[in-house]
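Please consult the sequence and structure shown here.

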Amino acid sequence: MDLPVLAANDPAANRRVWSEWLRRPDWRGVPTHEGDVQEQRDAWDVGYVLAVEHWPLSVITTVAAENDEDIEPTIMTGCYGLAEPGGAFDSSELPERVRNRMLMAAQAARSAPDYESIMSNLDKNSIADLIDADDWSLVIISACLISMWEHDQSPMSGAIMSPADVARLVADILDAAPPSLLADSAR
């Protein structure tokens with residue numbers, strides 16, 4: 001398996017590495033320092049583990065983790081230059097084709113019947129709510145769309161994107177790099 005190379009101080013290059021990784025057929029598997037492969041559930045988790053395992057500055061954030069600090073925001077901002085919280089961004093800054101794919105998924109979620117699972121229903125509703133929201137979030141898009149697929153893969157139940165489709169959508173958002181997605185230091 002090819003090892004990703006993340007730059008110490010180039011968030012744009014690191015977003016490209018993450019984006020390219022999400023387009024691989026084996027996108028869920030992230031190689032570790034020990035030579036193992038960690039399977040990840042969604043595109044956000046892939047980006048996080050890529051940074052933890054392959055970003056040179058992750059050693060600094062590991063020290064923070066030993067002090068019981070939440071290091072995820074530090075890693076995602078430092079490595080990829082993402083704004084907080086959770087890669088929030090203004091949906092109107094996306095290219096129309098990318099925005100429309102997400103709106104189709106949100107409309108499918110809105111018109112789907114309620115799930116029996118409370119957590120899956122919350123995820124479905126989070127996606128459905130994006131129709132009326134100006135601010136979207138990479139972590140919500142990544143996790144909730146996959147949760148819908150895992151719960152029920154039927155388009156009638158709102159799940160119109162497979163996990164690989166969701167990964168490509170997140171990759172397209174990373175490639176588009178809407179200005180509001182980027183932290184002030186990465187613009």
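Predicted model: local features only at pLDDT ≥ 70, side-chain atom pairs only at ≥ 80, totals over all residues.

Residues are numbered from 1 along each chain as its sequence is written, and side-chain values use heavy atoms, without hydrogens and water.

**Helix packing**

- Helix H2 (residues 43–54) packs against helix H4 (residues 72–80) at about 80°, with the axes 10 Å apart.
- H2 is therefore roughly perpendicular to H4 (a class covering angles of 65 to 115 degrees).
- The contact (heavy atoms within 4.5 Å) includes Trp-44 and Leu-50 of H2 and Ile-75 and Met-76 of H4.

**Salt bridges around Asp-172**

- The whole structure contains ten salt bridges (a side-chain nitrogen of Lys or Arg within 4 Å of a carboxyl oxygen of Asp or Glu).
- Asp-172 and Arg-23 meet in a salt bridge at 2.4 Å, N to O; the two residues are 149 residues apart.
- Arg-101 also forms a salt bridge with Asp-172, at 2.6 Å, N to O, and this pair links helix H5 (residues 96–111) to helix H8.
- Asp-172 is buried at 12% relative accessible area, whereas Arg-23 is partly exposed at 37% (buried is under 20%, exposed over 50%, partly exposed in between, with a 1.4 Å probe and protein chains only).

**Salt bridge of Lys-124**

- Lys-124 pairs with Asp-114 in a salt bridge, with the closest N and O atoms 3.6 Å apart.
- Lys-124 is buried at 2% relative accessible area, while Asp-114 is exposed at 58%.

Methods:
Axes fitted to C-alpha atoms, helices over the stretch in contact; angles between N-to-C directions. Helix = DSSP H or I, 4+ residues; strand = E, 2+ residues; numbered from the N terminus. Parallel < 35°, antiparallel > 145°, perpendicular 65-115°, else oblique.
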